[in-house]
Amino acid sequence: QVQLVESGGGLVQAGGSLRLSCTVSGSIFSIDAMGWYRQAPGKQRELVATITSGGMTNYADSVKGRFTISRDNAWNTVYLQMNSLKPEDTAVYYCNLHLKLLGVPYDYWGQGTQVTVSS
C-alpha cells in the first residue's frame, strides 16, 4: 500500500518562504514522476510542479522562478521549496505519485497540507 504524507504547510506573510515535504512509504517498484498540486477554495486542483524519474522538472507559469521541486535519490521524500510567497498561493497543497504497472497508470495522493499566505 502506497502512502504519501505531506508536511511543512502553515501561515506565512507575503514574501516569506515555506518548504513542503512529501514522505513516501510502501512497496513501489518504479516511479514515473512525482509532483505537487494545489487547490484553492472554489477552484479546481491545479498543477504546481512535477519531477520525473530522469530529474526533469516542470512548473506552472505562476510559480516559475519562485518554487523549486526536488527529491532524494531513493524517492523517499519530495520537496517543494516556496519562496516569495503571494496571497494567491494560498491553497491546500497535495503530493502526487504517478507510476505505471504493466502499462496501467496509477496515481496516488496525499491528504494535503494547508498553505496560507497573508498580505
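A disulfide is a covalent bond between the sulfur atoms of two cysteines. I kept that in mind while looking through this predicted model.

**Entry 1: the disulfide**

I searched the whole structure and found 1 disulfide. C22 and C95 form it, with their sulfur atoms 2.1 Å apart. Next I looked up its handedness. The torsion about the S-S bond of C22 and C95 is about -85°, so this disulfide is left-handed. Then I checked where the two cysteines sit. C22 is in strand β3, residues 18-25, and C95 is in strand β9. The pair therefore ties together parts that lie 73 residues apart in sequence. Are C22 and C95 buried or exposed? I found both C22 and C95 buried.

**Entry 2: positive phi**

Most residues other than glycine have a negative phi. I noted S84, whose phi is positive, near 50°. S84 lies in the loop between β8 (77-82) and β9. Its relative accessibility is 42%, so I put S84 down as partly exposed, the class between 20% and 50%.

I also noted L102, with a positive phi near 55°. L102 is in the loop between β9 (91-101) and β10 (104-109). Its relative accessible area is 86%, so L102 counts as exposed, the class over 50%.

**Entry 3: a surface patch**

Which residues form a nonpolar patch on the surface? I listed F29, L101, L102, V104 and Y106. Together they have about 610 Å² of accessible area.

Key
Residues are numbered from 1 along each chain as its sequence is written. This is a predicted model: local features need pLDDT of at least 70, side-chain atom pairs count only at pLDDT 80 or more; totals for chains, interfaces and linings use all residues. Side-chain values use heavy atoms; hydrogens and water are left out. Patches are made of residues with over 30% relative accessible area and no salt bridge: like charges are joined within 9 Å, nonpolar side chains (Val, Leu, Ile, Met, Phe, Trp, Tyr) within 5 Å. Accessible areas come from the Shrake-Rupley method with a 1.4 Å probe; for residues, only the protein chains shown count as cover. A salt bridge is a side-chain nitrogen of Lys or Arg within 4 Å of a carboxyl oxygen of Asp or Glu. Helices (H or I, at least four residues) and strands (E, at least two) are DSSP runs, numbered from the N terminus. Buried means under 20% relative accessible area, exposed over 50%, partly exposed in between (1.4 Å probe, protein chains only). A disulfide is a pair of cysteine sulfur atoms within 2.5 Å.
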